[in-house]
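Hello,

Here is the structure you will be working on. Please open it first, then read my notes below.

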Amino acid sequence: MASRDADPSLGYLTRKDTEVKLPRATRVKNKTPAPIQITAEQILREARERQEAEIRPPKQKITDTTELADYRLRKRKEFEDLIRRVRWNVSVWIKYAQWEESQKDFNRARSVWERALEVDYRNHTLWLKYAEVEMKNKFINHARNVWDRAVTLLPRVDQLWYKYIHMEEMLGNVAGARQIFERWMSWMPDQQGWLSYIKFELRYNEVDRARAIYERFVQCHPKVGAWIKFAKFEMKNGEIVRARNVYERAVEKLADEEDAEQLFVAFAEFEERCKETERARCIYKFALDHIPKGRAEDLYRKFVAFEKQYGDKEGIEDAIVGKRRFQYEDEVRKNPLNYDAWFDYIRLEESVGSKERIREVYERAIANVPPAEEKRYWQRYIYLWINYALYEELDAGDIDRTRDVYRECLKLIPHEKFSFAKIWLLAAQFEIRQLNLKGARQILGNAIGKAPKDKIFKKYIEIELQLGNIDRCQKLYEKYLEWAPENCYAWSKYAELERSLSETERARAIFELAITQPALDMPELLWKAYIDFEISEGEYQRTRGLYERLLDRTKHLKVWISYAKFEASAVEENDGGSNLPQDGIQENHHEEKKKCIQHARRVFERAINYYRTSAPELKEERAMLLEEWLNMESSFGEFGNISLVQSKLPKKLKKRKQITSEDGGVVGYEEFIDYVFPEENQATNLKILEAAYKWKKQKISSDEE
């Protein structure tokens, strides 16, 4: 059994044999703190004291040459065996060579170093250690030889060059060090190498040589930082003219570079230190005009500080405007379709008043056409064109440019998808202000042809009406109604125009045509206008006919009330124009008033009858109608009869109904007002009597049984 459970991977032991049995955690019963507390420091100290001593090999003492020879032979054999095993391990070679050096056997040490270099000559650490050994033991020519070979084989390792030059300089061989620098410079190293060469020459006061090296340096590394260092070098040596020349040459070559801002700032600060404030100001302005706004943040800040220190009021304002200009440039660069930023930018330029800059910003802004042909994207954009046109007309006074702006804007808008009535009207009004009536009519005609809108028709008709061109107004109304036959406003206004011209029949015909349209946007307004027209003309029979026709179409509460009020007030319109004596006129007036009241009552009774029989569910409307009738009877004074209505008034009852949720459950209750009319109350009483009679009949029959 045991052999079966044995695992070969565990040396034929069972799993149970190899289990690690940890001691069971003891439960601490007494958790009170001990009287003597042990600190962490004591624990660490005790652990240190209890550590076993490190096992070190015993020290050997060599007493004679034979033992020394044996020791050397044994060590060399160990190193050679180790090298055979790990030939590519550089640290083994270094230890071997350093051991040979410690034995003062320099030829053997050199041999080891050379063998190591044969294995990996690209490892510059080997060269450094090799040369340091030669220098430490004062083998100068050997060290030179090592450095020379190292820089020849690895010319891109700067550390080798630095060490080689440092050795020659420490030996006082300045010419040799210079020669090594020249060899190094032929490889065109990085900036630090050139600067080290320049510092080397300056240590020996060779200013002209350093200047020549700077010239070669800026040719090798034509960067802003290199030119600035060159100029600062000249400035440090008091050569202001030379420094300025360096900056000017740098600006010619690097004005379009990304880090040109740094160069201009340094140049301006140089001129500032030289007390040449005008030169510095010109440099700042030149830089701000040539460097993209997104890369000139530091430049703006420096310019504002400069103007605050040296400039006058205008200069400071100009600098502040420049800073704000930079902010807006940054915003529109990040999001060219941010039209609010363009509006702010334009307002800034308009406050400055430079026409060229204002026009430039307007042109840049309107060039950012919305990407989608949807009106919601164009609503802000179109105001750029409007503001541009108004600026050209009102501020710049350039009429031709204003006309061009309107023309280009109207050409750009996709009128087949959407249009803007505002821009058409502004263009037409502009032409009217220039007394170009033909041009204005042409624009408005194009607007009606390409993108007809209510506003355009209304404004065009208003203009022609002001000019007294009635024929044009009539044609425009006809076009308007052809385009929008459902527009009740247009029908009403057209009829109103004809009425103002005393063309009553034409106005009536227009109203008749309007109410026969299959679809109308606001028919109640149209019918009201038609009825008011007939009332104003004194045609009461026609008005009654209109009300009857309207009631055939709709039995709305307001129609009934309006009809009743008309019948009640018709007497006032009939008044006057009689040759009867005063008493006769008074009597005639009373008779007419009674007739009108009778007509009004008939209308109310018809309405009540309709609500009672055809629409019994509209209780609230019926109650409102009765309330209106009651108010009217009260207003009739002595001719009124309130009792007629009071008997018909309903009772108001507060009731509750269930509120159900979507899943059918009862959520709660809400109160509502219910109306109980007299005939309903009577019917309820009859039902109660009938139920009581049935109950009594049943009781009698049960008693008999």
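First, a term: on a 1 Å grid over the protein atoms alone, a pocket is an open set of points where a 1.4 Å probe fits, with protein on both sides within 12 Å along at least five of seven lines, and its lining residues have an atom within 4 Å of a point. This is a predicted model, where local features need pLDDT of at least 70, side-chain atom pairs count only at pLDDT 80 or more, and totals for chains, interfaces and linings use all residues. Residues are numbered from 1 along each chain as its sequence is written, and side-chain values use heavy atoms, without hydrogens or water.

Start with the largest pocket. It is lined by 26 residues. Nearest its centre lie Glu524, Trp527, Lys528, Leu550 and Val559.

Now the inside. A nonpolar core is a set of buried (under 20% relative accessible area, 1.4 Å probe, protein chains only) Ala, Val, Leu, Ile, Met, Phe, Trp, Tyr and Cys residues joined through side-chain atoms within 4.5 Å. The largest one has 99 residues. Trp342, Ile423 and Trp424 are among those that touch the most other members. Helix α22 (residues 381-396) gives the most to this core, with 9 residues. Apart from this core lies another, of 80 residues, including Val112 and Ile283.

Best wishes

Conventions
Buried < 20%, exposed > 50% of the residue type's maximum accessible area, 1.4 Å probe, protein only. Helix = DSSP H or I, 4+ residues; strand = E, 2+ residues; numbered from the N terminus.
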